[in-house]
Amino acid sequence: RRLTLVRSGRKIGAWTVAVGAAKTPTPAGRTFLLGLLKPSDPKPSPLIMPVGAHSETLDTFGGGPGTVAFHGWADESVFGRAVTHGCVRVPDDALTRLSKVPLGTQVLITR
């Protein structure tokens, strides 16, 4: 439930985030930042950053594959909790910082 941004072995940011609920956990393991999407409807998030991981429990979500992503969330009460369908909901400042991370950057998800 903690996101840490590291560059060259140095921590450059850390945030409390929301992760997958017990029935739809965020999959653990190594993956990578796959893309940076700006949806036409910026609610609930103006940016969505899919990673190269898919849900362990959902074959599809929202009309597409069960791809895991970083994205914003307006209701800050979710941060620190396991409440998502597998994505990682991040605060606005984390979303801004993550949007500057190069595509292909390694992501390590632990439980």
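Biologist: How many helices and strands are there in the protein?

Modeller: This predicted model has one helix and 11 strands; helices (H or I, at least four residues) and strands (E, at least two) are DSSP runs, numbered from the N terminus. Local features need pLDDT of at least 70, side-chain atom pairs count only at pLDDT 80 or more, and totals for chains, interfaces and linings use all residues. Residues are numbered from 1 along each chain as its sequence is written, and side-chain values use heavy atoms, leaving out hydrogens and water.

Biologist: Which pattern does the protein follow along the sequence?

Modeller: The order is β-β-β-β-β-β-β-β-β-β-α-β.

Biologist: What share of the residues count as buried?

Modeller: Buried means under 20% relative accessible area, exposed over 50%, and partly exposed in between (1.4 Å probe, protein chains only). Here 39% of the 111 residues count as buried.

Biologist: And how many salt bridges does a search of the whole structure find?

Modeller: Side chains of opposite charge can pair when their charged atoms come close. We call it a salt bridge when a side-chain nitrogen of Lys or Arg is within 4 Å of a carboxyl oxygen of Asp or Glu. The search finds one: Arg111 with Glu56, whose closest N and O atoms are 3.2 Å apart.

Biologist: Where do Arg111 and Glu56 lie?

Modeller: Arg111 is in the segment after strand S11 (106-109), and Glu56 is in the loop between strand S5 (48-54) and strand S6 (60-61), so the pair ties together parts 55 residues apart in sequence. Arg111 counts as exposed at 66% relative accessibility, while Glu56 is partly exposed at 49%.
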